[in-house]
Amino acid sequence: MSIKEKERIETRFGPLWSGKAEIAFQGGVRTLRDVKRALDLTGEDVMSIDLHELPGEKFAFRYYDGADRRVVVLVCDAEGGILEEFRAHIAEWLGELYYETGALAYDAEAMLHLLRKKSEEDGVSAGKADPC
């Protein structure tokens, strides 16, 4: 199994949940919920992970896409336009545990819980994702 995309995401944005739940941006504050709503990511299987402030009036929104079973990072400009997108399958983080989950692999909340638990086991303090 290749972990190339996982490594790319973690090298650029840090381990899952290493970002923030809200960021100062253009004189205001953007929360996970605000960004999710602005990007029209309304599905129940879209689970927020974190936000990252980036240079040049940009930010990154990281979330779990349960329909696609991938961790996604969207890099956006000041107007909320998507500049870059990165996707890595959840199996890159969970390894064999993913394949042992059976039907739970289709439950976004269960998969996010496993990602949090694995992150904590790997020494990363997993913050709370916005369940909206």
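How many residues lie between β5 and β6 in their hairpin, and which residue in the turn has a positive phi? The legends below describe close-up views of a predicted model.

**View 1. The hairpin formed by β5 and β6.** Five residues separate the two strands of this hairpin. The residue with a positive phi is G80, which lies in the turn and has a value of about 90°. β5 and β6 run antiparallel and are joined by seven bridges. C76 has I82 of β6 as its bridge partner.

**View 2. The four-stranded open sheet.** The strands follow the order β3-β4-β5-β6, and their pairing is antiparallel. β3 (46-54) and β6 (82-89) are the edge strands, each of which pairs on one side only. From one strand to the next, the twist averages 15°. Strands of a sheet pair through backbone hydrogen bonds, in either a parallel or an antiparallel manner.

**View 3. The pairing of β3 with β4.** Strand β4 comprises residues 58-65 and pairs with β3 in the antiparallel sense, over eight bridges. Opposite H52 stands A60 in β4.

**View 4. Helix α1 on the sheet.** Helix α1, formed by residues 4-13, packs on the sheet. The strands touched by α1 are β3, β4, β5 (70-76) and β6. The direction of helix α1 makes about 130° with that of β6.

View 5. Residues 108-121 form helix α5, which lies across β3, β4 and β5. Helix α5 runs at about 50° to β3.

Conventions: Residues numbered from 1 in each chain as written. Predicted model: local features only at pLDDT ≥ 70, side-chain atom pairs only at ≥ 80, totals over all residues. Heavy atoms only, no water. Pairing = 2+ DSSP bridges. Axes fitted to C-alpha atoms, helices over the stretch in contact; angles between N-to-C directions. Contact = heavy atoms within 4.5 Å.
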